[in-house]
Amino acid sequence: LMDQKENWIKVAGNMNEIAFAANNIATIQIDQKSICLVATPKGLKACSAKCPHAGGDLSGAFLDKKENMVCPVHGYRFSINSGRDISGEGYFLKIYTIKETEDGIFIKLE
């Protein structure tokens, strides 16, 4: 059962409803936030669409073989799982918890 205090937002009924681009990334808007939905080999992930380095648009990013989001602007790489930048400069990409249930696909906002 979903905890009522937690803010879960339904983003789609199922994966087929999400309009992924060729790079397996779809961008959605929730509460003035741009969020990237990323189809990975291990399932759906979600992160901020804004690169924490210089505000680049991550909708044009790609996921490398190590599951890092690669920003199209400066090539910064962030783990899609932890949000940590792999160059170790201390940037963190906002990662959102996502879950798929029979009722649909939900993203958790703080």
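G43 in strand 4 is the bridge partner of T40. Strands here are DSSP runs of E with at least two residues, numbered from the N terminus.

The model is predicted: local features need pLDDT of at least 70, side-chain atom pairs count only at pLDDT 80 or more, and totals for chains, interfaces and linings use all residues. Residues are numbered from 1 along each chain as its sequence is written, and side-chain values use heavy atoms, with hydrogens and water left out.

Next I checked how strand 3 connects to strand 4. The two run antiparallel and share six bridges, with strand 4 covering residues 43-48. I note that two strands pair if DSSP finds at least two bridges between them. Two residues link strand 3 to strand 4 in a hairpin.

I then turned to strand 2. Strand 2 (residues 25-30) is antiparallel to strand 3 (residues 33-40), with six bridges joining them. I28 sits opposite I35 of strand 3. This pair of strands also makes a hairpin, with two residues between them. In that turn I found D31 with a positive phi of about 50°.

Last entry: S79. I found S79 in strand 7, residues 77-79. Is S79 buried or exposed? S79 counts as buried because its relative accessibility is 15%, and buried means under 20% relative accessible area (1.4 Å probe, protein chains only). The S79 side chain reaches the backbone nitrogen of N81 at 3.0 Å. Leaving aside neighbours within four places in sequence, S79 is in contact with E67, N68, R84 and I95. Contact means heavy atoms within 4.5 Å.

Notes. Helices (H or I, at least four residues) and strands (E, at least two) are DSSP runs, numbered from the N terminus. Buried means under 20% relative accessible area, exposed over 50%, partly exposed in between (1.4 Å probe, protein chains only). A polar contact is a pair of N or O atoms within 3.5 Å; within protein, one must be able to donate a hydrogen and the other to accept it, and residues adjacent in sequence count only if both atoms are side-chain atoms.
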